[in-house]
Amino acid sequence: MSAAGLTSTDLIAAASEILERSGYVRIDATTPGSAISDARVYEDPYSVVTLIVCETWPELESRWTNAQGGLVELMSAYMSSDDPKAWEGYLVLLTPGSTAGRDDTQTVSSIRYDISRVRKLVATGDELKQISDVERTLLPLLPLQPLQTTGDEGSVLDLLPEMLAGRQQIEEPAVRAVIDAFIAQKPLVEALDMYRSQA
């Protein structure tokens, strides 16, 4: 059963678009009959990514080890062990199907943490509720994005008083007094005491 209406086609399209937008190029390097003949393979200057999407969790669970072997064979055929990219293989395993219970959830976790041969990124319908979840799953493969600012926000310290006032209900002027003392390299507790005595 697919979560929130996402289909395997949705997952393939979203993952492909995200990878290509992030500088990956799709390559046609699989051979008919190989364990990854129906997969999409991408590369960038640093890594090789194989995308496998299955309709159901049981299908994905039964395929992942062969798919891993297929990716390793592919990388071995086209790269020498001296090529830094030969150590940066990623197997992305997605399904719109949900896991059936605790044992399946543990299996998903064990696949994720198995870093032998290649790294694995796994997400099932339990986590893939909307297209943005596909991007979250692929984050380890994506370039870091600089923080977008309008130029008016100033430093992080300038944002801190408002954040603490909203989330922790700490008075903004008290936080500003401590930050000013920090910037001036003065004792913080004294600055807070002074603020309290003047308030």
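How many of the 6 residues of β4 are buried?

**Orientation**

This is a predicted model, in which local features need pLDDT of at least 70 and side-chain atom pairs count only at pLDDT 80 or more, while totals for chains, interfaces and linings use all residues. Residues are numbered from 1 along each chain as its sequence is written, and side-chain values use heavy atoms, with hydrogens and water left out.

Display the protein as a cartoon. It contains 7 helices and 5 strands; helices (H or I, at least four residues) and strands (E, at least two) are DSSP runs, numbered from the N terminus. Followed from the N terminus, the elements run α-β-β-β-α-β-α-β-α-α-α-α. Of the 199 residues, 37% count as buried, where buried means under 20% relative accessible area, exposed over 50%, and partly exposed in between (1.4 Å probe, protein chains only). With the surface shown, the accessible area comes to about 12,200 Å², and 54% of this belongs to carbon and sulfur atoms; the areas come from the Shrake-Rupley method with a 1.4 Å probe, and for residues only the protein chains shown count as cover.

**The sheet**

Select the strands next. They form an open sheet of 5 strands in the order β1-β2-β3-β4-β5, with mixed pairing; two strands pair if DSSP finds at least two bridges between them. β1 (25-27) and β5 stand at the edges with a single partner strand each, so one side of each has no neighbour in the sheet. From one strand to the next, the twist averages 25°. Angles run from 0 to 180 degrees between N-to-C directions, and axes are lines fitted to C-alpha atoms, for helices over the stretch in contact.

**Strand β4**

Now select residues 89-94, which make up β4. 6 of the 6 residues of β4 are buried, so the strand is largely enclosed by the rest of the structure. In a regular strand the side chains alternate between the two faces of the sheet. Here G89, L91 and L93 point one way, and Y90, V92 and L94 the other.

**Helix α2 and L60**

Select α2 (residues 57-78). β3, α2 and β4 make a right-handed β-α-β unit: with the strands pointing away from the viewer, the path from the first strand over the helix to the second runs clockwise. β4, α3 and β5 also make a right-handed β-α-β unit.

Centre on L60 within α2. L60 counts as buried because its relative accessibility is 2%. Beyond its neighbours within four places in sequence, L60 is in contact with I52, C54, L93, L94 and T95, contact meaning heavy atoms within 4.5 Å. L60 and T95 are 35 residues apart in sequence, yet 7.1 Å apart in space, C-alpha to C-alpha.

**The loop at R117**

Finish at R117, in the loop between α3 (102-113) and β5 (119-123). R117 has a positive phi of about 70° although it is not a glycine. With a relative accessible area of 56%, R117 is exposed.
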